Amino acid sequence: MGDLKRKRGRKPKNALAEANLAASASTSTAVDDGAVAIKPTEATNLDSQTLRRRGRPKKGGNHPEDHRNDIAASPERRAPRVHDHNGAGDFTSLNGHVIVEAAAAPQQVRFESVAASSMDAVVKVFCVHTEPNFSLPWQRKRQYSSSSSGFIIGGRRILTNAHSVEHHTQVKLKKRGSDTKYLATVLAIGTECDIAMLTVSDDEFWEEVSPVEFGDLPALQDAVTVVGYPIGGDTISVTSGVVSRMEILSYVHGSTELLGLQIDAAINSGNSGGPAFNDKGKCVGIAFQSLKHEDVENIGYVIPSTVIMHFIHDYEKNGAYTGFPILGIEWQKMENPDLRTSTGMSPDQKGVRIRRIEPTAPESHVLKPSDVLLSFDAVDIANDGTVPFRHGERIGFSYLISQKYTGDYALVRVLRNSNILEFNIKLATHKRLIPAHINGRPPPYYIIGGFVFSAVSVPYLRSEYGKDYEFDAPVKLLDKLLHAMAQSVDEQLVVVSQVLVADINIGYEDIVNTQVHAFNGKPVKNLKSLASMVESCEEEFLKFDLEYEQIVVLQTRKAKAATKDILAMHCIPSAMSDDLKT
C-alpha cells in the first residue's frame, strides 16, 4: 500500500504468466512494489491482490516476497510463510526466491452439488481503503479500491475476510445477478482469524436470499467447492477439490496460528472471503490464502467452520470481537531422553518444557520456567507438543487453547521438581511488545524540536523498510520483534523515527529509528508517558538517552519554541496524535 512514490510494474516472469495476464484483462496498470495490477471491468475496483504495500527500495539480494510475524512457540524463526493482500498469497522458499505462478485453471465441477440458494447467498464485496501512513503518521495514504467475496449468514449478517475490509472507508455489497450495490456497515473485525462481520440496513438487500448453513469440520479427502468472485471476470466462479491436509497453520494477516484446512481447489485473487461448501451444500470454511511456489500447484487454505463459529459466538457473547486466547508461554520439545531424565520425568510421562512465560500473562504468577506441561484440560500432551485430534491424526496442543474464549479458565497439570501440580488458570489474549496490528487506529506520534517519536509495530517496520523488513531493519529492532516480551500491558517500544531538520537539531540529522531508553534519567515506558514528561518538563535541558549509548540534549525553552515553526514548515497539524492528548 504506499508511502510517497509509485514503482514501475514488472513484466510477467514467464510466458505462461504473460499469457494468463493478457487473457484476464485488456489493460494493466503499474502499482506498488512492481506488481502488475489487472483492471476489472470497473476501473475503480482494482482486485485486492494487486494492491501491495510500498516500502523503501530493495537493498539488494533475494529476499522472501513478504513476511509477517513468526510462530510464537517455535524456535524456527525463518520458516516459509504466506502473504495475502485481499486475495491469494505467496509462499517463498527458504532460499528467498520468489516464484510468481500463473493462476491455475478452475477444475470442472458439478453445479448441482451446491444448491442454488447457497450460491445466491454469495456476494461480491467492494471496499475503498485508506491506510494510515506509518512513516508520516500525521497523514494518510492515497485511497484505493479492492474487490473480494463474502456470504450471508443468519441474523442479517455477512462474513468476509478481515483483510478485505482493513482500513475501510466505504464497503458495498452486490448480490449475484443484481446490478445494485448496497452500503454495508462493519460490525466486527477479527484480525487474528482474518474474519470480518458486516451488515446492510437496506431491507431490499435481504429479499429472496437464504442464509448459508454451517457444516461440521470435514475429514481428509472430503470434497469441497469454493465459490466467489475471483480475478478474471465479474460473475460468480466455482472451483472444486478435496481436503488434503488439516493442521495448525500460520494466518498471515493476523500473524497467528490457528486450525486451517489445506485444499487443492484453486483460490485466486478475489476469492478471499468466499465460502467453501461440502457435498451437502453446507459451509465448512472461508477461503483466505493460497500457496504459490515452483514446486507446488493448486494449494489453497480455508478457515475452518470451528474457527468461524468461535468468531461468531465471541461476537454474540461479548457484543464485540475479543480475540483468541493464548497460553502465554514458549515451550521446548522433550524428545531427548537425557533432558527428560534431568527434569524428573518417569518413562511413562510426556509433556513439553516451559522455556519462558509472558510477564503480562495471568499464568505468569503460577507457572515457572522449566516446569513440564503435562496436560491441558485433562488432555495429555506428547513430547513433541501434539495431542490426539481425530482417528489417526494428531495436532498441536495450541488447538485446545484456541477452542477457549478470552476470560475462560483451563486446568493445567505440570511437573515441577518431580512433583505433579495442578493450576486453574485464566486465559487472556497476547500482548506483544511490537504488535502485529494496531487494530485500525491511527499510528501514534509525538514531535519536539523536530524529533519525531513513534511507537514501533509491524506495519511501522513494513512502512519504513518495505516487505523485506525482517532483513533490512536494524538488528536491535529485529531482536526485540522476534524475542522480546512486554513487561506490562501498556509497554511500547519508542523510537526516534526521523529528525525534521532545523537549526535547533544541528548534528542530530542522521538519527533514524533508534530506540529511546530514558528521558532526563527516567525510563520511557511508552510514547504517552514520554510526551507527558517532555510537555511538563521545567528543567533547563531535555536529555534523551538512546540506543547505542547515544544522547540528545536540547534546551527546553528553545526546543518548544522551535517546534511550532517546524510544524508549520512541514504542514503538520499537531505536535502529537489525538490518542496522546487524552
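Colleague: Which residue stands opposite I158 in β7?

Modeller: I152 does. Keep in mind that this is a predicted model.

Colleague: How do β6 and β7 pair?

Modeller: Antiparallel, over three bridges. β6 covers residues 144-153, and β7 covers residues 157-160. The two strands form a hairpin with three residues between them. G155 sits in that turn and has a positive phi of about 80°.

Colleague: And the faces of β7, which residues cover them?

Modeller: R157 and L159 are on one side, I158 and T160 on the other. These four residues are all buried. In a regular strand, side chains alternate between the two faces of the sheet.

Colleague: What does L159 stand opposite?

Modeller: M197, in β10. β10 spans residues 195-199 and pairs with β7 in the antiparallel sense, over three bridges.

Colleague: New topic. What's the strand order in the closed barrel?

Modeller: β11-β12-β13-β16-β15-β14, six strands with antiparallel pairing. The twist averages 50° from one strand to the next.

Colleague: How many bridges link β11 and β14?

Modeller: Two. In one of the pairs, V226 has A276 in β14 as its bridge partner.

Colleague: Which strands does α3 lie across?

Modeller: β12, β13, β15 and β16. Helix α3, residues 305-318, runs at about 40° to β16.

Colleague: Last one, α9. Which residues are buried there?

Modeller: L527, L530, A531, M533 and V534. They cover an arc of only 165° around the axis, so they lie on the same side of α9.

Colleague: What caps the N-terminal end of α9?

Modeller: N526. One of its side-chain oxygens lies 3.3 Å from the backbone nitrogen of K528.

How values were computed:
Residues are numbered from 1 along each chain as its sequence is written. This is a predicted model: local features need pLDDT of at least 70, side-chain atom pairs count only at pLDDT 80 or more; totals for chains, interfaces and linings use all residues. Side-chain values use heavy atoms; hydrogens and water are left out. Buried means under 20% relative accessible area, exposed over 50%, partly exposed in between (1.4 Å probe, protein chains only). The arc is that of the directions from the helix axis to the C-beta atoms. A polar contact is a pair of N or O atoms within 3.5 Å; within protein, one must be able to donate a hydrogen and the other to accept it, and residues adjacent in sequence count only if both atoms are side-chain atoms. Two strands pair if DSSP finds at least two bridges between them. Axes are lines fitted to C-alpha atoms, for helices over the stretch in contact, and angles run from 0 to 180 degrees between N-to-C directions. Contact means heavy atoms within 4.5 Å.
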